[in-house]
Amino acid sequence: MDLKDLYHEIIVDHNRRPRNFRRIENPTRVSEGYNPLCGDKLKLYVVIEDGIIQDVAFEGSGCAISMASASLLTERLKGKPAAEAEDLFGQMHDLLTGKGEGADTEKLGKLAALEGVKEYPSRVKCATLSWHTLHAALHGEDIATTE
Amino acid sequence: MNTAANKLKALSLDVAALRRDFPILHQTVGDKPLCYLDNAATSQKPRAVIEAVERYYRQDNANIHRGVHTLAERATAAYESARERIAGFLNAAHNEEVVFLRGTTEAINLVAQSWARPRLQPGDEVLITELEHHSNIVPWQLVCEQTGATLRAVEVNEAGELDLDSFEAAIARRPRLFAVGHVSNALGTINPLSHLIQRAHAHGVPVLVDGAQATPHLAVDVQALGCDFYAFSGHKMYGPTGIGALWARRELLEEMPPWQGGGEMIKMVSIDRSIWNDVPHKFEAGTPNIAGAIGLAAAADYIESVGIEAIAAREDELLSHATEALNDLGGIRIIGTSEKKAAVVSFVVEGVHPHDLGTILDSEGVAIRAGHHCAMPLMEKLGLVATARASMAFYNTKEEIDTLATALQKAKNILG
């Protein structure tokens, strides 16, 4: 295990300068994610129009892994069809929990930088939090937890 | 004790020899020597404790208080002499004032359910403090919910000390009970217990002390303190997990109804009624953790052989060294700056989340705790989500603290 695999430069960058870190005033979907183990908390705002994610942003606090994961999520999904988000949720879940044979790291692009967490079982939930929150938002649920 | 005398006591410890008593310390994590700085979560076990438990299972294992065979007699004698040992460790007036339980949490729940629940009525108050561990909050929430009583908390100030004005105001309302930690697990604050107990008693309020963090660090004398209940765990004081004790004044225990029913806690059972056993057996339903009690007694012996004052003096030195080393790094804020502290340093590093610190430090062999330390109300009060916490025991070295500092610098370089 090498720390560089966990704290990949993309992750360090997104932790220092999280993208889309803001509140959206009139989201069509919003959900809160909470990791009771760490106290990581985030709120994800989504604007979906005609099946397209027009805008997505988040607020909250957490470790570098959870912040970078949320930041990368928003960057990736803006402008994409909502249906693609669901597919990505499944792929990310496989990647982060180490059931990664199905995950196409080339297709995942920058998101693949999060793959290092699979070697750190206590940190997997940090990376999956924003994805669970997205999943909850898309299904009209108010709260997601990693438990 | 003056500082010069303290220094002398700390110097008298042969730390290298003491470290050899703890087999677990001599290992590498990854390829780095283990630096175990998570002693407030649980302490490591000396060979004397491990061997006492092993010896019991190898030679004496039998159920207690019933059998008439030799092993049963040996096991019973060992268990009851462990009780006597713990009574001595706390300077209890009577051996039967010591109830063996799973730990501090179970001890507090026992008092909440058996002593407080029958007494509490709507409008009554139970007083705790904002410094408490969840184990000294939630049992009181449960019993307040059951009885309609109200839970209040003494405030803490920015240094992580109890606000004594807030305490005076709250105790003057004459709550039915004041439950307070001796030493804060999250910040290390040592509370002015004698003063608090004296003031509570002046208002006729009984006091329960959560001593989980105190027994490994301070001499505890329940008679001198004058408290009414004292709860602690074995595993924080170099003993096994799953064993701890409640000390309570005999007359309080005698008044309390049993909490759990079963074998051992009765004198006579018929279908329509039973007669309870005497204290403390009334509160020890079922086969107890016999090996654990024996291990706990061995831990008390071990602490006494090293000397609790020498341990405290040594840990004070380590605390000063850690405080200096962290302040020297810069960009680190120490949370909890009470003048009287156990060897606990809670801190936040600018730009680095405590959980990232935990992972990066682990890659250097350094074990610390990161999170809310089971004290979420305290974290909220201090405006923090989490802290990193290094907690030292007498067997830690200044070199290990320097390794912590180097590892913190690495974390800052990676993420800061």
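This is a predicted model: local features need pLDDT of at least 70, side-chain atom pairs count only at pLDDT 80 or more; totals for chains, interfaces and linings use all residues.
On the chain A side, three residues supply more of the buried area than any other three: Leu3(A), Tyr7(A) and Cys38(A), with 37% of what chain A buries against chain B. In terms of residues, the contact takes 19 from chain A and 16 from chain B.

Polar and charged pairs also cross this interface. Five residue pairs, both partners at pLDDT 80 or more, are in polar contact between chain A and chain B. One salt bridge is found across the interface. Asp356(B) and Arg123(A) form a salt bridge in which the closest N and O atoms are 2.7 Å apart. As for the secondary structure involved, helix 1 (3-6), helix 2 (9-16) and helix 3 (64-77) of chain A each supply at least two residues of the side that touches chain B. Helix 2 of chain A has the largest share of that side, with three residues.

Over all chains, a search of the whole structure finds 13 aromatic pairs. One of them joins Phe22(B) and Tyr238(B) edge-to-face, at 6.0 Å centre to centre and with 70° between the planes. Phe22(B) sits in the loop between helix 2 (15-20) and strand 1 (28-29) of chain B, whereas Tyr238(B) belongs to the loop between strand 9 (229-233) and strand 10 (244-248), so this pair links distant parts of the chain, 216 residues apart. Both Phe22(B) and Tyr238(B) are buried.

Tyr238(B) also pairs edge-to-face with Tyr395(B), again with 6.0 Å between the centres and 70° between the planes. Because Tyr238(B) lies in the loop between strand 9 and strand 10 and Tyr395(B) in the loop between strand 17 (387-391) and helix 15 (398-415) of chain B, the pair ties together parts that are 157 residues apart in sequence. Tyr395(B) is buried, as is Tyr238(B). These residues belong to one aromatic cluster, formed by Phe22(B), Tyr238(B), Tyr302(B), Phe394(B) and Tyr395(B).

Side chains of opposite charge can pair when their charged atoms come close. The count over all chains comes to 32 salt bridges. In chain A, Glu115(A) and Lys118(A) form a salt bridge, their closest N and O atoms being 2.8 Å apart. Glu115(A) counts as partly exposed at 26% relative accessibility, and Lys118(A) is partly exposed with a relative accessible area of 33%. Elsewhere in chain A, a network of salt bridges links Asp13(A), Arg17(A), Arg19(A), Glu75(A) and Lys110(A).

In chain B, the side chains of Glu96(B) and Arg250(B) meet in a salt bridge of 2.7 Å, N to O. This pair links distant parts of the chain, 154 residues apart: Glu96(B) is in the loop between helix 4 (70-89) and strand 4 (98-101), and Arg250(B) is in helix 10 (residues 250-255). Glu96(B) is partly exposed, at 26% relative accessible area, and Arg250(B) is partly exposed at 27%.

A salt bridge of 3.3 Å, N to O, joins Asp124(B) and Arg176(B). Asp124(B) lies in the loop between helix 5 (104-116) and strand 5 (125-129) of chain B and Arg176(B) in the loop between helix 7 (164-171) and strand 7 (177-181), so the pair ties together parts that are 52 residues apart in sequence. Are the two partners buried or partly exposed? Asp124(B) counts as buried, at 15% relative accessibility, whereas Arg176(B) counts as partly exposed, at 31%.

Conventions
Residues are numbered from 1 along each chain as its sequence is written. Chains are lettered from A and ligands numbered from 1 in the order in which they are written. Side-chain values use heavy atoms; hydrogens and water are left out. Rings of Phe, Tyr and Trp (its six-membered ring) pair if their centres lie within 6.5 Å; planes under 30 degrees apart count as stacked, over 60 as edge-to-face and the rest as tilted. Helices (H or I, at least four residues) and strands (E, at least two) are DSSP runs, numbered from the N terminus. Buried means under 20% relative accessible area, exposed over 50%, partly exposed in between (1.4 Å probe, protein chains only). Contact means heavy atoms within 4.5 Å. Buried area is the accessible area (1.4 Å probe) that two parts lose on being put together, summed over both. A salt bridge is a side-chain nitrogen of Lys or Arg within 4 Å of a carboxyl oxygen of Asp or Glu. A polar contact is a pair of N or O atoms within 3.5 Å; within protein, one must be able to donate a hydrogen and the other to accept it, and residues adjacent in sequence count only if both atoms are side-chain atoms.
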